[in-house]
Amino acid sequence: MDPIDESNGLHDRVQAMVAAFDGNKPEPESPDTLACDIARFQARNIPGFARLCARHDVDLQELVSAADIPAVPTDAFKLTRVFAFQEGEPVVFQTSGTTVGRRGRHIMRCTDTYDHAALAFGRRMLMPLMGGTQPPVVPIMVLGPPPNEQPDSSLTHMLSMFAHTMGSDANGQETYFLRDGVFDLAKLDERVAGILLKGNQPVLLMGTSFAFVHFLDAMGSDTFRLPARSRVMQTGGFKGKSREVSATELRREIARVFCIEEGDVLSEYGMTELSSQFYTHAGEDTLAGIFTEPPWAHVTPVNPETLEPVEDGKTGIARIVDLCNVDSAVAIQTQDLVRREGHGFVLLGRMPGVAPRGCSIAIDEMLGPS
Amino acid sequence: MRSVREKTRDVMRILDVARELQRDDSLMKKLVASTGLSIEGVQKGMSEHLETDATEDDVERFVLKFGDVSRVTVILAANVFVASLRAIACARAKGERVTVRPSSREPELAAAIVRALDDPNIELVSSVEVRNLREGEIHVYGKDETIAKFRAAAHVPVIGHGHGLGVGWLTTKTSVLDVLAGLESDIIAFDQRGCLSLRVLFVEGGPARAEEVGRALHRALNTTKVPRGELTREERAESVRFSDTMTMVGEVFTGHAHVVAVAPADAPAIVPPTGRHVLVRSALRAAEVTSALAPIAKWVCAFGTDDVARAKMLGPSHARFSALGRMQKPKLDGYVDLRVT
């Protein structure tokens, strides 16, 4: 079969799974079956992934479980083309961090599957109880730059899509409150005041953790009241971009400044190398830092030495199966420490680098702030 | 102030002591325990890489490179075990009195040298309160971050010897078979924990030649007579990550105690973990070496090659240029890290 046709067929199957979720219908097929079909497609079209399968002695014809698909390390996205097509780069999202001068690149044929999945799960996790309409729409504000300032950021793309699709009054209203690295507090104040005047409709405020840290620093002990039942979604780390704040402290401070419940400060976990995202549910889950997965993605803590799943309750590095990564890597291996908890997982930071046992420079040392 | 003759005598005495320690089996056993290297690895370090072969003329030239200070405090934070000899020699060449604080991870050789010297002007301490030092200067061997902390706290000058790595360049004028033993030695010494250890090898020519070199290196490392020491859990995890990542990029040859990854010419010069992991990268033209090295150039301490004259035009000027096989055997000619000014 022509790779394009095969890719289209796989995208259709993933989108059917997303649509079933969105419509509260049963899964049309087993995620394992679909994951294995995607892995076979990728091995046929990405030579590096075929080598990785061979290295791990994986017989692709016999593959029946997503857990047995060799995971592509996220570093590979910085070093080589992880894409099932040799020609063209229709859509490229890039990481912000670099390794020896290179940013990670996630190439996609188009963002349709990404958009459908992000929207379905984002709506489910972020919006319940906020809007009275079906599907719910609320005023959305982004404590971040507009898409034209960061056209290659998957996060900016997603936030923009959310604002456009789930925002109740985006047209003609200011949505982005960070331009050229500077907060426009006056405009944010103006927008929120307008909403309060119109009837106190809850809003959704989204941004990166470091943007919120800068915002908190700018506010000091002042508050910036959001309408009742509003929610904040924060995502990402801070390394090298702001002072570092613990997740608990950041959530508490965000709740204080915006005068909302701590349980309404939700966290998102995603990365450029993925097409799916994970969120904490409002309430107890977000207080406990438990992330929920959509049915088309799964996080498994694995032993960093063996890459085998760790025992229940133990910490490992996150191995993520993401069916939406049809044309890149259906399973990726991160260096993020996670532990399964309840119906989801908790994020415990990044695995520390190796302590040097001599004067040979360590990889982490080279990637440090210097 | 000591004369050049007196300084030379003081440094020669240190080398004499080190020569005696080269025959000390009980010290070898202690070094195996503290370093985690194999006994053969420790023996190789002591017999081939401890810089004891300098003549009196060499040492006289060596001491002339240093000025005079009343006291040098040497802080060994993270270094390969043989590095303590040169560190003490540099300090003694410069300081009337020397205080040595060995590395907590590997204190054995530094302590053995100082004890055997039995010199009232050289003392061994287990800790140093940097902010209390009011005379002389401090020589720190460790991470940039560690050096920066000492600089921030100190009231006297701090000379920092940071971490680094070695790179190699094999040109088309030499067959890989002619330099294989040297390449192997540059890699296996100290299991690559040294700042002069070879970790990235550029191969002039196309991808086929790079693969040929990678295969040859893989065979040589498979049959080496110096077993690798134990890796920590974290080091083993890094090895897995490197191997899987490089498998996505190119060919990976995995031995029982080494990994050789062969990357195409457009791949960045990613630095492999220590513990006998090597990146062999094709460089079709010499100039590619310079551009590929640019992101890591500031950490390059050693540059081994079969064509030193050409290599000097490609590599960073602060690197030590040497023949392949000599990267971890520098002459006793001053600080080992030429980035130190």
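How many bridges pair strand β9 (residues 259-263) of chain B with β10(B), and in which sense, parallel or antiparallel? There are five bridges, and the two strands run in the parallel sense. Strands, like helices, are DSSP runs numbered from the N terminus, with at least two residues (E) for a strand and at least four (H or I) for a helix. Two strands pair if DSSP finds at least two bridges between them.

The model is predicted: local features need pLDDT of at least 70, side-chain atom pairs count only at pLDDT 80 or more, and totals for chains, interfaces and linings use all residues. Residues are numbered from 1 along each chain as its sequence is written, while chains are lettered from A and ligands numbered from 1 in the order in which they are written.

Strand β10 (residues 277-283) of chain B is largely enclosed by the rest of the structure, because seven of its seven residues are buried. A residue is buried if 20 or more other C-beta atoms, placed from the backbone, lie within 10 Å of its own; it is exposed if there are 12 or fewer, and partly exposed in between. Both faces of β10(B) are covered, with B:H277, B:L279, B:R281 and B:A283 on one side and B:V278, B:V280 and B:S282 on the other.

These strands belong to an open sheet of seven strands in chain B, with mixed pairing and the order β8-β9-β10-β7-β6-β11-β12. At the edges stand β8 (251-254) and β12 (320-323) of chain B; each has a single partner strand, so one side of each lacks a neighbour in the sheet. Neighbouring strands are turned by 20° against each other on average, direction ignored. Helix α8 (residues 176-188) of chain B packs on this sheet and touches β6 (165-170), β7, β10, β11 (300-305) and β12 of chain B. The direction of α8(B) makes about 175° with that of β6(B). Such angles run from 0 to 180 degrees between N-to-C directions, and axes are lines fitted to C-alpha atoms, for helices over the stretch in contact. Helix α10 (residues 233-249) of chain B packs on the sheet as well, touching β8, β9 and β10 of chain B, at about 30° to the direction of β9(B).

Chain B also has an open sheet of five strands with parallel pairing, in the order β3-β2-β1-β4-β5. Its edge strands, β3 (122-124) and β5 (158-161) of chain B, each pair on one side only. From one strand to the next the twist averages 15°. Within this sheet, β1 (residues 69-76) and β4 (residues 137-141) of chain B run parallel and are joined by five bridges, with B:L76 opposite B:Y141. Helix α6 (residues 108-117) of chain B packs on the sheet, where it touches β1, β2 (95-101) and β3 of chain B, and its direction makes about 135° with that of β3(B).

In chain A, strand β9 (residues 265-269) is mostly covered, with five of its five residues buried. A:V265, A:S267 and A:Y269 lie on one side and A:L266 and A:E268 on the other. Four bridges join β9(A) to β8 (residues 231-235) of chain A, and these two run parallel; A:Q234 has A:S267 as its bridge partner. With β10 (residues 278-280) of chain A, β9(A) pairs in the antiparallel sense over two bridges, and A:E268 stands opposite A:Y279.

The last topic is the interface. Contact between chains A and B involves 31 residues of chain A and 41 residues of chain B, two residues being in contact if their C-beta atoms, placed from the backbone, lie within 7 Å. On the side of chain A that touches chain B, α3 (47-55), β1 (72-73), α4 (76-79) and α11 (363-366) of chain A each supply at least two residues. The largest share, five residues, comes from α3(A).
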